[in-house]
Amino acid sequence: MKKLSVRDLDVRNRRVFVRVDFNVPLADGGTISTDARIRASLPTINFLLKRRATVVLASHLGKPDGKPDPKLSLKVVADRLAELLDRPVVFAPDCIGKATRQLVTDAAPGSVILLENLRFHPGEVSNDPEFSRELAGLAERYVNDAFGTAHRSHASTVGVAGLFDRPAAGLLMEEEIRYLASVLESPDRPHVAIIGGSKVKDKAGVIANLLPQVDKLLIGGGLMFDFLKGQGLGIGKSIFKPDTVRRARELAENPKLVLPVDVVVAPDPDSPDKAHAVPVDAIPDDEMGLDIGPKTIELFRKVLADARTVVWAGPLGMFEKDAFATGTNEIARAVAALTETGATTVVGGGDTLAALSRAGLRDKVSHVSTGGGACLQFLEGRILPGIRALADAHGATRTPIIAGNWKMHKTATVARAFCIKLRPRLADVLDRQILIFPPFTALAAVADELDRSRIGYGGQDCHWEAEGAFTGAVSPAFLRDLGCTHVLVGHSERRHVFGDSDDICNRKVRAALAAGLIPVFCCGEKLDERENELTFATLERQLSIGLRGFKEQDELVIAYEPVWAIGTGRTATPEQAQEVHRWIRSWLVRRVSVEFADRTPILYGGSVKPDNVDALMAETHIDGVLVGGASLEVESFERLVRFQA
Ligand code: PEP
């Protein structure tokens with residue numbers, strides 16, 4: 001099984017392609033104004049140099065639009081990097097081509113090469129396969145340390161990763177993921193978020209995702225005026241966006257949200273001498289709000305006083321001007337003081353970072369994210385393509401799936417308690433897909449508790465019609481409405497206890513797909529069929545009827561579940577399972593396509609337990625497991641999710 005960290009790669013004396021984020025701000029005249037991003041990648045570079053790897057660094061700088069632009073050359077970064085590393089850095093005038101290949105191949109182990117700006121070629125941004133192949137041809141290993149670019153599906157972040165057997169995260173990437181995942185999933189409490197910046201549009205997703213996780217969420221910055229306007233208050237000439245006021249009003253319904261009680265106003269940003277504080281309900285018509293006021297600073301300080309986790313994105317006022325920087329500076333000081341008491345404090349977003357640096361407090365928080373957009377998207381709960389590409393490279397492009405089928409177990413109350421316990425325990429698991437299939441009656445509770453987590457859920461069955469006189473049945477649309485992504489179809493208990501025929505399974509598969517659900521299509525032979533050597537004939541029938549009308553672009557998961565192994569304690573041996581999985585994969589090649597067979601996960605099910613999961617998952621065609629009995633206890637399910645292969 002592939003590993004996610006550079007620590008697990010054999011890099012000694014190897015050429016290692018490292019995607020870094022050297023997109024540094026440049027001052028007029030082309031000098032680097034802050035080298036923080038270069039410094040942030042030094043641990044990974046030094047780690048590789050210690051192992052005598054040849055380090056081939058690749059980055060973008062600015063937006064050169066797919067053609068060379070001397071003003072955006074990385075040469076200036078190569079010079080700065082050489083100073084920081086205190087060793088020569090070879091600068092390659094292009095990132096691809098024969099001369100670059102030669103330069104990289106000739107480099108002695110322990111050399112550092114920085115390639116010219118990746119975005120001088122259009123293939124970088126378009127994730128062009130040929131461009132990706134050229135880049136991949138430069139090295140034997142791939143490491144992505146560019147968290148700041150992880151939200152982009154570009155050649156160097158996604159395309160190249162897919163061409164290596166064991167693409168890995170660098171040390172910076174690992175640290176970013178660790179801190180950001182911890183504030184989202186398993187924070188020490190009280191947990192307080194501070195959200196500022198100028199636009200609700202940019203932050204609405206972050207606020208919505210953080211609200212269920214935090215104890216309080218403080219609002220400041222330009223976006224506070226959308227919230228104040230939403231409360232029906234006059235905001236004078238302050239900035240606001242009419243189209244996001246409604247969204248702000250909806251978000252403000254959550255009692256965890258804390259809005260400012262006063263603001264610093266002035267006739268315009270260029271009249272700092274006229275700045276004065278007013279209550280939020282007394283903003284003069286001819287003045288604009290430019291910072292939070294002193295009473296709000298006090299209020300925010302009180303809320304922050306005993307926080308153990310703080311996440312902060314967006315300045316609280318127009319911090320670029322001293323007269324309107326007090327709110328941001330004071331809160332920065334409060335956050336820095338909390339860090340000293342051992343609280344975890346995480347700051348993200350380019351402007352917040354600039355504000356923190358301006359206040360001289362950049363080193364006084366636990367973690368400053370190097371990503372602007374990437375950090376915000378991560379906090380929104382999105383899986384970033386650059387991280388996904390690292391997690392996806394298990395054997396082929398299939399992420400392992402661990403799925404728990406609870407069958408007719410657990411009331412809604414018990415299911416809720418299970419999810420509350422499970423969610424933080426699996427917060428750090430980014431490289432496997434986790435799915436739960438609760439009974440229908442517990443789905444809403446599970447949906448509530450797993451909202452915006454990385455744990456997905458689905459229905460145990462569905463009807464083939466969208467609605468109608470089918471007492472007791474549940475349609476795919478009902479499942480979608482509850483946030484289900486998957487649905488089990490053709491489970492052996494449905495087939496053999498409730499009489500679902502191959503034809504009925506097919507109708508359910510089609511209905512699920514039409515509703516936007518991914519069917520987990522279960523198939524498998526009974527004991528007498530195996531004993532009479534009818535295993536493959538049975539599967540042939542189940543698959544060809546059950547998947548009739550299926551199209552290549554449809555998404556599917558297959559679960560091979562030999563009936564004789566389900567709930568019996570009798571597991572197929574890894575070899576027996578691998579044999580059938582290989583056969584199913586070749587069936588998919590024959591009946592659909594190579595690409596489809598390559599991307600479709602095939603799970604094994606039948607008495608999977610913590611003590612046999614590792615051996616099963618070590619098989620190359622077993623992409624995951626569907627588990628009944630052993631998924632019912634949190635401890636045992638966690639152990640399954642953390643299989644080692
Ligand atoms: C199942 O129900 O899909 C299953 C495989 O059950 P168990 O793990 O209990 O055999």
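**View 1. Packing of helices α23 and α24.** In this predicted model, helix α23 (residues 535-546) and helix α24 (residues 574-591) pack at an angle of about 40°, with their axes 11 Å apart; helices here are DSSP runs of H or I with at least four residues, numbered from the N terminus, and axes are lines fitted to C-alpha atoms over the stretch in contact, with angles running from 0 to 180 degrees between N-to-C directions. The contact (heavy atoms within 4.5 Å) includes Phe 536 and Leu 539 of α23 and Trp 583 and Trp 587 of α24.

**View 2. Surroundings of the ligand.** The ligand is surrounded by 14 residues (each with a heavy atom within 4 Å), and the closest are Lys 407, Glu 561, Gly 567, Ser 607 and Gly 628. An N or O atom in the side chain of Glu 561 is 2.7 Å from an oxygen atom of the ligand, while a backbone N or O atom of Gly 629 lies 2.8 Å from a ligand oxygen atom.

View 3. The bond from Arg 189 to Pro 190 is cis, with omega near 0°, and Pro 190 lies in the loop between α8 (171-185) and β7 (191-195), where strands are DSSP runs of E with at least two residues.

**Notes.** Residues are numbered from 1 along each chain as its sequence is written, and side-chain values use heavy atoms, leaving out hydrogens and water. Local features need pLDDT of at least 70, side-chain atom pairs count only at pLDDT 80 or more, and totals for chains, interfaces and linings use all residues.

Conventions
Polar contact = N/O pair within 3.5 Å; in protein donor to acceptor, adjacent residues only side chain to side chain.
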